[in-house]
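Look at the sequence and the fold before reading on.

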Amino acid sequence: MDGNGRWAKKRLLPRFIGHQKGLNAVKRIVSHCSELGVEALTLFAFSTENWRRPEDEVNKLMGLFLKALQKEVSKLDENNVKLRIIGDRTGFNEEIQAHIELAEERTSENTGLSLNIAANYGGRWDMIEAVKKWHAANPDKDIVELTEDELSGYVCLADLPEPDLLIRTGGEQRISNFLIWQMAYTEFFFTDTLWPDFNESSIDEAVSSFTQRERRFGKTGDQVK
């Protein structure tokens, strides 16, 4: 979800206003994805590298995150959305950690859209943690015995299908340490639209692009056909 700060700067507004408008975009997209029957939506909200931003901006982002956990979870629950936060939550203060647990518990039985918020998340962190978890579960195994299939069971979102589509807003064309393991065969869609302006028609455009692609997963085009 890229472009909140630039959206605000274009309007001579503080960057934080852009983040607030970005939250409105999240609400729109979550609602539309639910209507489309999307199984899982993962939003990259805050990376492990984002702590490097100015302290005031980080503090305001944490406040916005807490407010969303306090105010929006009831709506998600009413709409049968299952919420999960992925990332190193120990980096957050105790109040945010407590509300994360409450939000996940409240929506844990919901069967609609799986909404995953990546917060204090990094793909490299995810892979290292997966190896640690595998080793803890298999203390008698040598590391040379670790296979791709085994490791896949320990990365974040292992219980969900691998992502079909990555949408990157704001004109950037990189994955920025996001779901590195999980996106081995994900289709990419890049748009210049800044995240606060991203809306239902933007999702529809990305989905339309996706449906026109041939996904071969290592096979030839003739094999797929």
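Buried means under 20% relative accessible area, exposed means over 50%, and partly exposed lies in between (1.4 Å probe, protein chains only). Phe188 has 30% relative accessibility, so Phe188 counts as partly exposed.

This is a predicted model, in which local features need pLDDT of at least 70, side-chain atom pairs count only at pLDDT 80 or more, and totals for chains, interfaces and linings use all residues. Residues are numbered from 1 along each chain as its sequence is written, and side-chain values use heavy atoms, with hydrogens and water left out.

Phe188 sits in strand β5, residues 187–190. Strands are DSSP runs (E, at least two residues), numbered from the N terminus.

**Aromatic pairs**

The whole structure holds nine aromatic pairs. Rings of Phe, Tyr and Trp (its six-membered ring) pair if their centres lie within 6.5 Å; planes under 30 degrees apart count as stacked, over 60 as edge-to-face and the rest as tilted. Two of the pairs are tabulated here.

| Pair | Centre to centre | Angle between planes | Class |
|---|---|---|---|
| Phe46 and Trp51 | 4.9 Å | 75° | edge-to-face |
| Tyr121 and Phe178 | 6.2 Å | 80° | edge-to-face |

Tyr121 lies in strand β3 (residues 114–121) and Phe178 in the loop between β4 (165–168) and β5, so their pair ties together parts 57 residues apart in sequence. Both Tyr121 and Phe178 are buried.

Phe46 is buried, at 5% relative accessibility. Trp51 is partly exposed, at 33%.

Key: Helix = DSSP H or I, 4+ residues; strand = E, 2+ residues; numbered from the N terminus.
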